[in-house]
Amino acid sequence: MGGSRPIRQLPLPIPLGAPDSSIARIPKPDRVWVTRSLKMTSIGWVGFDMDYTLAIYDQGRMDSLSVDTTIERLVKRGYPSYLAKLDYDYRFPIRGLLVDKRYGHTLKMNRFKVVRKVWHGMKQLPKETIRELYHQRRIRPESSRYHWIDTLFSLSEVTAYAAIIEALERRGEHVDFGRLFRDVRESIDEAHRDGTIYKQVLADPARYIYRDPHLAETLHKLRSAGKKLFLLTNSPWSYTDSVMRYLLGAAMQEYPSWRHYFDVVIVAAQKPTWFREGRPLMERDGAVLKDVHGPLERGKIYEGGNLREFERLCELPGSSVLYVGDHIYGDMLRSKKESTWRTAMVIQELDAELEAHERSMHDMARQRQLSETRENLEDELRFYQARFKELAKNDTPDLEAQTELTRTKRSIEGIRGELRSIEGEYTRLRELVDRSFHPYWGSLLKQDNELSIFGLQVETYADVYMRRVTSLRHYSPMQFFRSPHDLMPHEL
Ligand SMILES: [Mg+2]
């Protein structure tokens with residue numbers, strides 16, 4: 001073919017090679033973490049708890065408010081007035097601790113319910129005491145001797161309890177640890193019941209509640225994909241209305257009020273009982289409560305009720321519900337045990353946990369390296385010890401056998417020395433890493449190389465977890481959240 005032009009390679013406008021995937025990644029703190037795979041396509045209803053889930057409270061300020069209120073009431077009950085002037089360290093407690101009311105101790109356990117860290121008042125107890133007190137017999141955390149600290153609301157109880165023990169004992173006063181704990185709890189419960197705390201928060205919501213600017217858009221994204229949303233909270237109507245108005249009021253033009261985001265609103269739910277039996281469902285009409293007969297209606301306010309009735313009235317199969325909450329027992333565990341709801345847990349401590357993890361990366365890698373070396377050295381030690389035994393059997397060794405015996409002995413001593421120094425460095429690193437996570441307890445979710453009891457509960461009962469509800473906005477409402485591979489020790 002005469003006039004054809006030669007074919008030339010066209011220059012490519014894009015440089016070849018792998019694209020930079022880091023720009024496509026959702027930043028770590030904003031990610032949703034998966035313990036059990038979850039297909040959002042199979043989710044028709046997404047439910048939300050309110051306190052500490054949609055409404056993220058400023059922990060320090062809430063604790064300070066709770067402790068002040070508690071102390072005021074304790075002084076009225078006859079406790080010394082100098083307690084009002086103490087320095088309370090609000091960083092002290094974390095979730096997942098156990099209070100031992102017999103001794104006035106606060107404990108952290110690993111996933112096997114073995115106590116690993118203990119504080120009496122504000123003093124840390126040594127390993128030997130822990131062994132003596134808690135390792136001789138199995139702990140029964142559910143017995144009346146102990147009290148679980150499993151909500152962010154209850155952290156302030158521990159702050160007050162530990163600091164008061166410390167202060168009273170320093171003055172040589174006798175402390176009835178069981179009674180003190182009861183008094184602390186009753187004081188704070190009273191303050192919640194009679195509305196003291198509610199009133200203070202609502203008087204200045206911006207001081208206590210973080211108004212996430214992305215909340216409206218997150219809920220809207222789910223709704224746009226056809227999901228139905230519901231609110232299921234233990235808070236009473238008036239408080240719920242005020243907080244939700246603060247969080248979502250005038251956030252998006254399409255929604256004239258916060259109630260328009262939700263298909264069903266249930267307040268004063270009394271979780272965890274709500275998941276088991278609960279009360280009959282009522283409709284709130286101003287100050288009046290009415291019986292509910294027909295299907296649930298958008299725009300109405302419901303109170304109480306229970307899981308079965310809710311599922312029946314909404315005609316929904318349990319497995320199509322994703323419930324988002326912050327409370328292991330009330331939101332995650334109960335819904336997992338009593339229903340087939342899928343669960344998402346909001347863990348606001350995740351920010352600090354991820355930051356510490358990042359900071360300690362280098363030290364933790366060194367720890368793993370040391371563990372590996374230790375394992376190799378232990379193999380070697382076993383080998384030389386067996387050899388030594390073998391050689392020592394010879395009652396009449398010749399010169400060569402004697403030299404080998406001496407050399408073997410020296411090798412054993414050398415390895416033992418190395419193991420000791422590894423142990424020392426490992427312990428130093430562990431303390432460093434612990435302090436980087438938390439000044440008193442180390443990581444919230446881990447203990448040494450294992451999960452903490454709290455970490456285990458998260459892994460068992462939360463299908464996915466995240467720092468904020470608004471982390472969901474980074475994902476498609478049809479996302480397939482895939483869990484990582486489970487590896488057993490022999491697969492590592
Ligand atoms: Mg909550």
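A residue is called buried at under 20% relative accessible area, exposed at over 50% and partly exposed in between, with a 1.4 Å probe and protein chains only. By that rule aspartate 326, at 4% relative accessibility, counts as buried, and so does aspartate 51, at 11%. The model is a predicted one, in which local features need pLDDT of at least 70 and side-chain atom pairs pLDDT 80 or more, while totals for chains, interfaces and linings use all residues. Residues are numbered from 1 along each chain as its sequence is written, and side-chain values use heavy atoms, with hydrogens and water left out.

Aspartate 51 sits in the loop between strand 3 and strand 4 (56-57), and aspartate 326, 275 residues apart from it, in the loop between strand 16 (321-325) and helix 11. Helices (H or I, at least four residues) and strands (E, at least two) are DSSP runs numbered from the N terminus.

Strand 1 is antiparallel to strand 20 (residues 464-466) over 2 bridges, and tryptophan 33 stands opposite tyrosine 465.

Helix 10 (residues 307-314) is mostly covered, with 6 of its 8 residues buried: Leu307, Glu309, Phe310, Glu311, Leu313 and Cys314. These residues pack (heavy atoms within 4.5 Å) against strand 3 (45-48), strand 11 (228-232), strand 12 (264-267), helix 9 (273-276), strand 13 (281-285) and helix 11 (328-338). Just after the helix, glutamate 315 takes a positive phi of about 50°.

Finally, what of the enclosed space? A cavity is a set of points, on a 1 Å grid over the protein atoms alone, where a 1.4 Å probe fits but cannot get out; lining residues have an atom within 4 Å of a point. The largest cavity has a volume of about 70 Å³, taken as the space filled by probe spheres set on the points. Helix 7 (residues 215-224) gives the largest share of its lining, 3 residues; the lining residues include Met40, Leu222 and Phe481.

Notes:
Two strands pair if DSSP finds at least two bridges between them. On a 1 Å grid over the protein atoms alone, a cavity is a set of points where a 1.4 Å probe fits but cannot get out, and a pocket is an open set with protein on both sides within 12 Å along at least five of seven lines; lining residues have an atom within 4 Å of a point.
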